[in-house]
Amino acid sequence: MTLLVIPFHTCAAQAIHVGVFNNKPIVFQDGQGKAQGMAVDVLEKIAAQEEWQLQYRFDSWGNLIHALENNEIDLLMGIAYTAERAQKYDFTQETLINNWAVVMQAASDNISSLEGLTEKRVALMKRSIHSAVFVETMRSFNFKFHIVEVADYQATLDAVKQGKADAAIVNRVYSMLQGKSDELKETGIIFNPVEVRYAAPKNVHPDILNKLDEHLAAAKINAASYYYDALGKWLGSNATKQSYQWVLWLIIITASLLALVVSYNYILANKVRQKTAALTRSERRYKMAQSAAKIGSWEWDIRTNKLYWSDNIAPMFGLKSTDFAGTYDAYLMLLDPETRLLVSNTIEDTLNKKQSYVIEHKVTWPNGEEHWVSAKGEVHYNSAGDVCGMLGVIQDITEQRTTMESLKINEYIVSASRDFMAYIDSNYHYKEVNDAYLQATGLQREEIIGKHISTFTKDNEYRDWIKSNLDKCFAGEEINFKAWFEFQNTGRRYIETTYSPFRDQTGAVVGVVIDGHDLTDMYLVDATICNLAKGSRDFHDFIQSVVLDLAALYQVKYALIGILTPDEKSISTLAVCVDGNIIDNFDYQLAGTPCADILDLNVEFIPRNASMLYPDDHLLVGMGIDSYFGAPIQSSDGKMLGLVAVSDTKPMAISEVIYSVLSVYATRLSIEIEKFNALSELKEHQNHLEELVKERTRKYEVINRELEAFSYSVSHDLRAPLRAIDGFSEALREDYEDVLDATGKEYLNRVRKAAQHMSTLIDDLLHLSRVSRSELDKHEVDLSKMVTELLQQRLEEQSDRKVRFHVEPALKVNADKRLLEVVINNLADNAVKYTRGKEETVIEFGCERTDAGETFYLKDNGAGFDMRYVEKLFSPFQRLHAPSEFEGTGIGLATVKRIITRHGGRVWVHAVEGKGATFYFTL
Amino acid sequence: MGNHIVLVDDNADDEMLTIRALKKNDVSAELIVLRDGGEALDYFYGTGKYEGRALQPSPALILLDLKLPKINGLELLEKLRSHTYTRLVPVVILTTSNEEQDIVSSYRLGANSYIRKPVDFNEFTETVRKITEYWLSLNFTVSEQEK
């Protein structure tokens, strides 16, 4: 480590003309006219290795920059890099040192902000980049000030000291070394961070610049290099370090100075080297750890405003290292406005309070991706205790955050779940439970955790359900079962329980996750709806079962169903349940009760304080009702029938599932009540009808008895005189034959004939009345056979006549055989009688089949009749023929009609006078 | 068993016509006519105005109308069938009724025959002839001793 600077004249090499201006301690001309400063030291070290010959030109900054532009010098030291200057000159890639501008003021002044410089005199170095930026910045804020232009930094400070200016702009390096005096102090204003580099005329000496870069890069990563020697020499222990390793550098520098002091003490130097090596190793390890953990380190030098990032930070912002401009402002500009505000406020606050901060903030990548970083930083001071920057780390926490977020979501899901969840370890002890579990058990978390699961369950529950199923689950089986469990807070509940095995990485079951889903409401709803659907044959049984079911379903003390009285002012209960028992029904006035509201408002749910809401409802207040839930019962046409309600002396909590059930009940009840009302009405009608029928029957029976007596009387009493008439007429004829002439005998004959005709009339009438009175005795009757036999019989009686008849065979009917015989006899008699005059009698019996059924007919080719009188045919005593023409009483067809009618059938006739008649009948 | 015939009938016309028909058929048997059920009961039980009447011999035939004052024919028949001396006497129901109910009841209560009186006197005479011929000549009845 040499402190000497010697031009290497000995080396036959081209001379490099280097510009030197006054910018202590980076570059300056000392009292002996020698070039001095950090940039000079570093350059001379590199020149020695490259065997360059350096030739210094000492001039002002303004002249030198002009000379560089005009290619009059080959290299300019201590020039700040700007994009604008890079257009005109070539710069080294490597930065010699970071620098920024500081504003100094007289010790007696108290300027602390840019605004405070308004109308002040500010001393600026001519053509300095800081001067330009300062002027521009003040203009942008519209702060007016007076420029005191001087040649170099020393002149700016002197201007303040001499009272020619109120403030001076210098770079921070200069102020560190030269600005400290009793007359001057910092304003706290810093701006324009710059990178001090070496510059060459455009496109003239890329070789020199490349070499410089090569050497600088190598020297910078070697803590024991001439670079750090120069840094230590010119900036001392106060120097701001590059990158996070300021501690390291401090140690190195301190160690180096120590070594210098003990005159190249070899052992010490060796130790330093060892130490350095160790530190380098640990740094490397740290770097690895950094990249693994996605942690990057940063350092912010307030004086240069340079923000140094370790290589892995830029990727956290979706950038390449080279994309980051390396300033605090550039960092802020990478953030969303909101985040930016948060970060800048936090950092400002930290700086003010001289503390540290930790902040997690969002980073939106250029491609739009959203990432998160955790930034930590702490204020760092120089030896004088002044704030000179911040140090910190940034960690990409996107993954953790995503993981954390999903973990948080999971946690939230578990805690918000209404299912009871618990985690049981292999000893069957609770490890974790969710809120629902605590709520159901009524226990505190501390009471449960670590306890055996059997501690809080009933013996039988543990024995019958828990133990065996947990055993199975720990054997690897997923278990699902439904059972009733007793809970401290909520009583008996029907729980669907799932036991899921929880495995460690080796696949061994180390715990069981319990999930209990409360199905009680569903179960109760199912059961009650089932009852509801089943209904009951008896209305009152049904209504009572409904109030009991409702009280059980809603777990309340009271349940009632009531109907509106006809005046619509009160409710008449149909069933009332109190504590699970049916009590006697009662009436109550509607006014001022929640029931009145129901009848106006549909469903009414008062979860608590019902007594306060309805103070006038004495019944409700008296019963101590606190909660109330009721629904109106409406008829199908929207008429209010009544209501169904449940209530309790404590607040009521109703799940959504069972909330809607009451309306289902109301609907069902309306149907039942309407049905009941209709049935009651019907029953009333029925009773009335029954009464009516009974009365009629009684009357009918009386009439029937009278009729029977009448018939009896007729058959006896009416016939007896006839017998006498006939008998004595005959006796007269016989005994007084001699006295009577032919006319007299003829008269007696007529008397006897009339008597006998009357006897026939009486017999037919009796027959008719008997047909009406007698019970039908229906059986299957072979109609074809009957007709054939009866016609055959008549044929025998009329042997003198030519008769042909045809009967359709196998006609079977269900009828009263005896009465049907009367029908056929009458019809057959008629057919035979009215065909008497025909040469040949043709009688046909058959059946016509239609959709309506079978129609039987008996057709003859006899006298027929005029269809105009057809209506008279079936009435008693009505005849269409004179007795002289065809004998008869006129009762036969009336009897036929009555018998057919009694069988539920119909009889009619079609006839053509002189051609014949066809009698049709159905049964 | 006696030879007489007992006719229970309230109708005087019928009585006369019956006597005439018997006569016309040369039936010699004595005819005892009883006007109503009550008288008939007294007659057969030897009560009332028949107090002390010798109940034997029993008539050979009882002609019984159903429609009778006081005690009707069916009631009387029931009593006759429960009475020692008339239990086995042939009873022919000779009536105007042809109600099935009457026919069934008569046979159930032990009538031997049921005949409806024809209105035509010639038929009636023929009927009486057949009845008497059958029950008094053809038919064997239980002897007094065997009762």
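I began with chain B and found five helices and five strands; helices are DSSP runs of H or I with at least four residues, strands are E runs of at least two, and both are numbered from the N terminus. Along the sequence, chain B reads β-α-β-α-β-α-β-α-β-α.

A note on ground rules: this is a predicted model, where local features need pLDDT of at least 70, side-chain atom pairs count only at pLDDT 80 or more, and totals for chains, interfaces and linings use all residues. Residues are numbered from 1 along each chain as its sequence is written, chains are lettered from A and ligands numbered from 1 in the order written, and side-chain values use heavy atoms, without hydrogens and water.

I then checked burial: 54% of the 147 residues of chain B are buried (under 20% relative accessible area, 1.4 Å probe, protein chains only). For contacts (heavy atoms within 4.5 Å) in chain B between residues at least 6 apart in sequence, 66% join residues at least 24 apart.

**Nonpolar cores**

Next I looked up the nonpolar cores, meaning sets of buried Ala, Val, Leu, Ile, Met, Phe, Trp, Tyr and Cys residues joined through side-chain atoms within 4.5 Å. The largest has 95 residues, and A:Leu75, A:Tyr198, A:Phe317 and A:Tyr331 have the most contacts inside it. Leaving out residues up to four places away in sequence, I listed what A:Leu75 touches, including A:Ile16, A:Leu43, A:Tyr198 and A:Leu212. A separate second core of 38 residues includes A:Leu791 and A:Val907.

**Cavities**

I turned to cavities: on a 1 Å grid over the protein atoms alone, these are sets of points where a 1.4 Å probe fits but cannot get out, and lining residues have an atom within 4 Å of a point. I noted five cavities of 30 Å³ or more.

What is the volume of the largest cavity? I read about 200 Å³, a volume being the space filled by probe spheres set on the grid points, which are joined across faces, edges and corners. Its lining has 18 residues, with A:Leu560, A:Leu619, A:Met623, A:Ile625 and A:Tyr628 nearest the centre. Strand 22 (558-564) and helix 19 (594-601) of chain A are among the elements that each supply at least two lining residues. By class, I logged 15 nonpolar, two polar and one charged.

Key:
Buried means under 20% relative accessible area, exposed over 50%, partly exposed in between (1.4 Å probe, protein chains only). On a 1 Å grid over the protein atoms alone, a cavity is a set of points where a 1.4 Å probe fits but cannot get out, and a pocket is an open set with protein on both sides within 12 Å along at least five of seven lines; lining residues have an atom within 4 Å of a point. Ala, Val, Leu, Ile, Met, Phe, Trp, Tyr, Cys and Pro count as nonpolar, Asp, Glu, Lys and Arg as charged, and the others, Gly among them, as polar.
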